Amino acid sequence: MTRLADILLRQIAVQGPLSVADYMNACLLHPEHGYYTTRTPFGAAGDFITAPDISQVFGELIGLCLAQAWLDRGAPAPFILAELGPGRGTLMADALRATRAVPGFHAAMQLHLVEASPALRAQQAQALTGFAPQWHDNVTDLPDLPLFLVANEFFDALPIRQFLRSGDAWRERVVGARDGALVFGLTDPIAPPALADRLADTSEGDMVETCAPAAALAEHIGGRIAARCGAALIVDYGSEISLGDTFQAVRAHEKVPPLSLPGQCDLTAHVAFGPMARNLACAVAPLTEQGAFLDRLGSGPRHGALARGRDEAVIESLVRAHHRLTHPSEMGQLFKVLALYSDDGPAPGGTGA
Ligand code: SAH
């Protein structure tokens, strides 16, 4: 039993069951016992590995893609280069190294990071010394300037709610208590307006997930991009629409039951990109698979260039990295890129059908 489990059980005893979103929020961001507030989960020794840990090429290509989008819009100065949930700062460090040679880009740039974890902010400061990053708790705190933004594996950490189809209504999955342990339960049938259009494409017993914070964030970013120009690359695992239970907990690279060890596992859900892309003020490129995106931007040749003249072990690890990032059986197909952009320039490179 973790300290946070104790706190949640007491809260449930007083207030009744929690939504999955409330549970996720507490587990990830509780100020004392939250997963992201208390630990730095990345890398082989941590709980999970993300694309920037696999290869420097990932951040390089994203940096160059955003720099090209900036050039395509007349190189506005000053502008904001922003990242949501930068982890250890690896992606951004790779992006900044790759864009050094883009004339005027660094001189016009203000670097802004949205990060909840104090421990990770410290690691990001180390990785990005010399670039004077400014940190924020929320995207809404960013200054009002042209915006070029990346978020990798950020949206999957936003709290979801889960609903089980029951007749022509839905029962929400909740977290309650039984015999001193956290257990899943279901509410009585309800009819959330957000799910009105899902009766047509689901049947009895299907589970559907909603993520109101993701839609609100996309709307906010889209509004800024439409008003001031810019582009955003939102990279994550997921699909166009939500169908099925994708709520998962990972600890030390293994899946564990999501209600075990609250605060000590990473909790995520697949991102449903369709609802995020609806009703935006800016343009949206067709959802692109990560493999296609990186292949089009030159992942193969760039890994090849890094391999030139290196020994066999290094070459093998570079081949393996390219494969992991782009192959359909690895991250290539499950991960998608949602690109938002202002219509004063083309869609960001590599995106589109
Ligand atoms: N982008 C990095 C890290 C992904 S993990 C990579 O690709 O490796 C998720 C990141 O988002 C972490 O940095 C975490 O601390 C941060 N984060 C999660 N939820 C957040 C929230 N609600 N507000 C701000 N940052 C958050």
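What follows goes from the aromatic rings to the ligand, and then on to some loops. Keep in mind throughout that this is a predicted model.

Start with the rings. A pair of aromatic rings is described by the distance of the centres and the angle of the planes. There are seven such pairs in this structure. One of them brings together tyrosine 35 and tyrosine 36, with 5.3 Å from centre to centre and 75 degrees between the planes. That pair is edge-to-face, because the angle is over 60 degrees. Are these two tyrosines buried or exposed? Tyrosine 35 has 0% relative accessibility, so it counts as buried. Tyrosine 36 is buried as well, since its relative accessible area of 13% falls under the 20% limit.

Now move along to phenylalanine 79 and phenylalanine 105. Their ring centres are 5.0 Å apart and their planes make an angle of 35 degrees, giving a tilted pair. This pair links distant parts of the chain: phenylalanine 79 belongs to strand β2 (residues 79–84), while phenylalanine 105 belongs to helix α7 (residues 105–108), 26 residues apart. Both phenylalanine 79 and phenylalanine 105 are buried.

Arginine 165 sits over the face of tryptophan 170, at 6.0 Å from the ring centre.

Next, look at the ligand. Which residues come nearest to it? Of the 16 residues around the ligand, those are Thr50, Gly85, Gly87, Glu115 and Asn152. The shell as a whole divides into eight nonpolar, five polar and three charged residues.

A polar backbone atom of glycine 87 is 3.1 Å from an oxygen atom of the ligand. Alanine 116 also uses its backbone: an N or O atom there lies 3.1 Å from a nitrogen atom of the ligand. With asparagine 152 it's the side chain, which places a polar atom 2.7 Å from a ligand oxygen. On its own the ligand has 570 Å² of accessible area, and the protein covers 93% of that.

From here, head over to asparagine 279. The C-alpha atoms of asparagine 279 and alanine 116 are separated by 27 Å, and the two residues are 163 apart along the chain. Asparagine 279 is in the loop between α10 (273–277) and β15 (283–284). With 71% relative accessibility, asparagine 279 counts as exposed, because the cut-off is over 50%.

Why give the backbone a second look? Because most residues other than glycine have a negative phi, and most peptide bonds are trans. Asparagine 279 isn't a glycine, yet its phi is positive, at about 55 degrees. Alanine 75 also has a positive phi, near 50 degrees. You'll find alanine 75 in the loop between α5 and β2. It counts as partly exposed, with 29% relative accessibility.

Stay in that loop for a moment. Proline 78 is located between α5 (56–72) and β2, and the peptide bond joining alanine 77 and proline 78 is cis, with omega at about -5 degrees. Arginine 73 is found in the loop between α5 and β2 too. Is arginine 73 buried or exposed? Its relative accessible area is 8%, so arginine 73 is buried. A polar atom of the arginine 73 side chain lies 3.0 Å from the backbone oxygen of alanine 69.

One last stop is histidine 30, in the loop between α2 (20–29) and α3 (35–38). Histidine 30 has 18% relative accessibility and therefore counts as buried, the limit being under 20%. Its side chain reaches the backbone nitrogen of histidine 33 at 3.0 Å.

Terms used: Residues numbered from 1 in each chain as written. Predicted model: local features only at pLDDT ≥ 70, side-chain atom pairs only at ≥ 80, totals over all residues. Heavy atoms only, no water. Phe/Tyr/Trp six-rings, centres within 6.5 Å; stacked < 30°, edge-to-face > 60°. Buried < 20%, exposed > 50% of the residue type's maximum accessible area, 1.4 Å probe, protein only. Helix = DSSP H or I, 4+ residues; strand = E, 2+ residues; numbered from the N terminus. Lys NZ or Arg CZ within 6 Å of the ring centre and 35° of its normal. Near = heavy atom within 4 Å. Polar contact = N/O pair within 3.5 Å; in protein donor to acceptor, adjacent residues only side chain to side chain. Areas by Shrake-Rupley, 256 points an atom, 1.4 Å probe, with all protein chains shown as cover. Nonpolar A, V, L, I, M, F, W, Y, C, P; charged D, E, K, R; others polar.
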